[in-house]
Amino acid sequence: MSQQTKYLLEESDLPTHWYNLVADLPEPPPPVLHPGTHEPIGPEDLAPLFPGGLIAQEVTAERDVEIPEPVREVYRLWRPSPLYRAHRLEKALGTPARIYYKYEGVSPAGSHKPNTSVPQAYYNAIEGVRRLTTETGAGQWGSALAFACTLFGLSCEIWQVRASYEQKPYRRSMIETFGATVHPSPSPLTEAGRTILAADPDSPGSLGIAISEAVEIAAADPETRYALGSVLNHVLLHQTVIGLEARKQMEMAGDSPDLIIGCTGGGSNFAGLAFPFLGDKLAGRGDPEIRAVEPSSCPTLTRGTYAYDFGDTAGMTPLMKMHTLGHDFVPDPIHAGGLRYHAMSPLLSHVYELGLLEARARDQRDCFAAGVQFARNEGIVPAPEPTHALAECIDEARRCAETGEEKVILTALCGHGHFDMAAYDRYLSEDLIDRPYPQERIDAALERLPKVDV
């Protein structure tokens with residue numbers, strides 16, 4: 001095989017700025033509202049939870065936001081990350097399509113999450129914050145924040161969704177190795193957790209519940225702030241290093257994507273890959289299709305409602321307009337724990353409403369089948385989350401095999417699955433079941449959306 005399959009950038013190619021899609025959208029996103037007054041919030045409303053540097057990034061309309069040198073210094077531990085051409089997978093599928101994947105599993109935490117945990121820890125540290133609290137689903141975000149906090153001298157306390165806490169013990173061990181404390185959520189340590197446990201002692205938890213617990217602790221301590229691993233604008237902003245690098249690497253390969261596919265839970269890895277290319281598309285430079293793929297058991301874009309809702313279960317966060325299944329929606333405990341959030345990023349939801357991307361939902365057995373096929377051809381065991389995108393890539397490549405279309409497909413392999421082998425074991429032993437979510441349970445959760453007259 002003569003063609004190069006791995007595209008590497010030099011350290012000097014590391015982006016100096018993050019890209020803010022808001023600057024190029026035809027319409028600005030809807031405002032975030034105060035949960036009590038339903039009026040647009042100001043920076044002072046976010047100050048109890050976030051440092052000023054991140055609040056400024058959350059609301060900015062500036063196109064290019066400078067990456068501080070201390071953040072770039074840490075990024076250099078693993079960035080720029082590689083782009084691969086999936087020649088062996090293409091051959092196995094007998095497709096004329098060209099498949100590329102940007103691999104984020106080379107980071108210290110094994111996923112894309114340090115792209116935002118590092119700047120979040122940095123901005124908190126320079127403002128004198130001593131401790132960060134957060135939630136985590138599969139544990140990738142918890143691992144990343146624990147890593148970043150130890151670099152910048154912060155203590156870190158994490159609430160991990162109970163289903164994932166029990167499914168992924170070595171992810172918990174990684175979090176603790178980096179120096180953080182981790183609790184299963186719901187926990188008896190917070191009012192939010194105790195309320196959930198009183199109603200359902202066997203609750204598998206959800207990201208919304210874990211957020212409530214972490215926010216409750218942060219709001220009560222002036223030396224503590226809260227960090228979120230997805231959903232918010234500043235998080236998506238930080239992740240655009242993925243797409244900015246991928247754009248240069250696709251130029252090295254002499255290709256440009258016809259189709260960009262990514263998995264979506266809260267939306268950060270998908271936005272990180274897609275937004276720089278979408279900005280080019282809005283400027284008339286290229287015209288790729290952009291497709292988000294989510295689990296059928298937590299179908300926020302494909303079956304949710306675009307409405308104002310809380311970001312957490314207890315209703316402590318501001319109200320954001322987003323595709324939601326209802327803030328007290330508790331999805332079944334699928335193995336893609338990072339995709340079990342009740343809503344989609346407000347910015348990504350807005351982009352979806354503008355018709356700039358499409359969405360699909362997939363069952364987990366099809367996704368694990370794609371993960372196994374990818375591993376056997378490309379030599380990387382993917383985390384359960386990106387198997388959703390891989391399943392869609394494989395189906396698209398098969399369609400190209402039928403039609404003869406030489407489509408260029410780009411995806412983000414947002415993390416490895418080394419801590420997810422129990423899930424693969426269940427799939428390989430044919431003990432893994434699909435969990436499509438019943439419409440009546442979605443309808444019931446949506447009935448409890450907050451009433452907002454905007």
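**Exercise 1. What covers the buried residues of α6?**

Before you start: this is a predicted model, where local features need pLDDT of at least 70, side-chain atom pairs count only at pLDDT 80 or more, and totals for chains, interfaces and linings use all residues. Residues are numbered from 1 along each chain as its sequence is written, and side-chain values use heavy atoms, with hydrogens and water left out.

*Solution.* 
- Step 1: find the helix. α6 spans residues 140–151. Helices (H or I, at least four residues) and strands (E, at least two) are DSSP runs, numbered from the N terminus.
- Step 2: check its length. With 12 residues, α6 reaches 17 Å from its first C-alpha to its last, close to the expected 16 Å. That expected span is 1.5 Å times one less than the number of residues.
- Step 3: look at burial. Buried means under 20% relative accessible area, exposed over 50%, and partly exposed in between (1.4 Å probe, protein chains only). In α6, 10 of the 12 residues are buried, among them Trp141, Leu145 and Phe147.
- Step 4: name the cover. It includes the helices α3 (69–75), α5 (114–126), α8 (169–177) and α17 (384–403), plus the strands β6 (131–136) and β7 (155–161).
- Step 5: step off the end. Just after α6, Gly153 has a positive phi of about 75°.

**Exercise 2. Work out the strand order of the open sheet of 4 strands.**

*Solution.* 
- Step 1: read across. The order is β8-β7-β6-β9, with parallel pairing. Two strands pair if DSSP finds at least two bridges between them.
- Step 2: spot the edges. β8 (181–185) and β9 (224–226) each pair on one side only.
- Step 3: Neighbouring strands are turned by 20° against each other on average, direction ignored.
- Step 4: zoom in on one pair. β6 and β7 run parallel and are joined by 6 bridges; Glu135 stands opposite Trp159 in β7.
- Step 5: α6 lies across β6 and β7, at about 165° to β6. Axes are lines fitted to C-alpha atoms (for helices, over the stretch in contact), and angles run from 0 to 180 degrees between N-to-C directions.

**Exercise 3. At what angle do α16 and α18 cross?**

*Solution.* 
- Step 1: the axes of α16 (364–378) and α18 (421–428) come within 10 Å and cross at roughly 105°.
- Step 2: so α16 is roughly perpendicular to α18. Under 35 degrees would be roughly parallel, over 145 roughly antiparallel, 65 to 115 roughly perpendicular, and the rest oblique.
- Step 3: the residues making the contact include Phe368 and Val372 of α16 and Tyr424 and Leu428 of α18.

**Exercise 4. Is Phe310 buried or exposed?**

*Solution.* 
- Step 1: Phe310 sits in strand β12 (305–310).
- Step 2: Phe310 has a relative accessible area of 13%, so Phe310 is buried.
- Step 3: leaving aside neighbours within four places in sequence, its contacts include Pro35, Met322, His342 and Pro450.

How values were computed
Contact means heavy atoms within 4.5 Å.
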